[in-house]
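Please read them with the structure open.

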Amino acid sequence: MLRFSAGFKAVALCFCFLALAACSKKNSPDLEANNGLGRAAIAGSENQFKTEVGDTVYYLVDQSTLTPEGKETLRRQAAWLKQYSDVMIQVEGHADERGTREYNISLSARRATTTREFLVSQGIQASRISTIAYGKERPVALCDAEQCWTQNRRTVTVITSGAKTS
């Protein structure tokens, strides 16, 4: 009986080691099940537009003319919009907090119009693009410094319909 007990203990000990080995498997992240993190955006999606094309164009102080960087972003937007011809967009114009409300609404409207006109000049149908001017009412950065004002002088191209989800 002692032998059976020792043999039983050895078998039980082996099972314990096997169970521990199975449980100790390294937990590597499952990038496919990580809510989209670690994966490329779906082609034709709003996420792809934002992350791979770029949805924001920045402007200089009191300016509504496009910078070379802004033109390049809009060229990428136009190429993407040509590829996904059922997508409708709205261009949001924004300004920093300096200046009167009326002045900033006017400035942000000019920025939105400049953006729209550039996209139209690149072959995007005007009927696919609406504009809205927010002035200083929707800042992305809040502080009384150039680092924030620079981020708030912008237009943002927002997909309103036609894009795939995610």
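1. Helix H3 (residues 68–83) lies across E1, strand E2 (88–94) and E4, and runs at about 160 degrees to E1. Helices (H or I, at least four residues) and strands (E, at least two) are DSSP runs, numbered from the N terminus. Axes are lines fitted to C-alpha atoms, for helices over the stretch in contact, and angles run from 0 to 180 degrees between N-to-C directions. Contact here means heavy atoms within 4.5 Å.

2. On the basis of the notes: this is a predicted model, in which local features need pLDDT of at least 70 and side-chain atom pairs count only at pLDDT 80 or more, while totals for chains, interfaces and linings use all residues. Residues are numbered from 1 along each chain as its sequence is written, and side-chain values use heavy atoms, with hydrogens and water left out.

3. Overall content. The chain has five helices and four strands, which follow one another in the pattern α-α-β-α-β-α-β-α-β along the sequence. Of its 166 residues, 33% count as buried; buried means under 20% relative accessible area, exposed over 50%, and partly exposed in between (1.4 Å probe, protein chains only). Among contacts in the chain with a separation of 6 or more, 74% are between residues 24 or more positions apart.

4. The sheet. Four strands form an open sheet in the order E1-E4-E2-E3, with mixed pairing. Strand E1 (56–58) and strand E3 (129–135) are at the edges with a single partner strand each, so one side of each has no neighbour in the sheet. From one strand to the next, the twist averages 20 degrees. Two strands are taken to pair if DSSP finds at least two bridges between them.

5. Pairing around E4. Strand E4 (residues 154–161) pairs with E1 in the antiparallel sense over three bridges. In this pairing, Tyr58 stands opposite Arg154, and Thr56 has Val156 as its bridge partner. E2 and E4 also run antiparallel, joined by six bridges, and Met88 stands opposite Ser161 in E4.

6. Helix H2. Which residues of H2 are buried? In this helix (residues 46–53) they are Gln48, Phe49 and Val53. Seen down the axis of H2, these buried residues fall within an arc of 100 degrees, so they line one face of the helix; the arc is that of the directions from the helix axis to the C-beta atoms. Their cover includes H3 and E4. Just after H2, Gly54 takes a positive phi of about 105 degrees.

7. H2 against H3. These helices pack at an angle of about 150 degrees, with their axes 10 Å apart. H2 and H3 are therefore roughly antiparallel to each other. For this term, angles under 35 degrees count as roughly parallel, over 145 as roughly antiparallel, 65 to 115 as roughly perpendicular and the rest as oblique. The crossing of H2 and H3 is right-handed; a crossing is right-handed if the near helix is turned clockwise from the far one by less than a right angle, and left-handed if anticlockwise. Gln48, Phe49, Glu52 and Val53 of H2 meet Thr73, Arg76, Gln77 and Trp80 of H3.

8. H3 against H4. Helix H4 (residues 101–121) packs on H3 at an angle of about 55 degrees, with the axes 9 Å apart. H3 and H4 are therefore oblique to each other, and their crossing is right-handed. On the H3 side, Lys71, Leu74, Arg75, Gln77 and Ala78 meet Thr115, Phe118 and Leu119 in H4.

9. Asp62. This residue is found in the loop between E1 and H3. Most residues other than glycine have a negative phi. Phi of Asp62 is near 55 degrees, a positive value in a residue other than glycine. At 47% relative accessibility, Asp62 counts as partly exposed.

10. Lys164. This residue is in the segment after E4 and, at 48% relative accessibility, counts as partly exposed. Where does the chain meet Lys164, leaving aside its neighbours within four places in sequence? The contacts are with Ile42, Ala43, Gly44, Ser45 and Glu46. Lys164 and Ala43 are 121 residues apart along the chain, with their C-alpha atoms separated by 7.8 Å.
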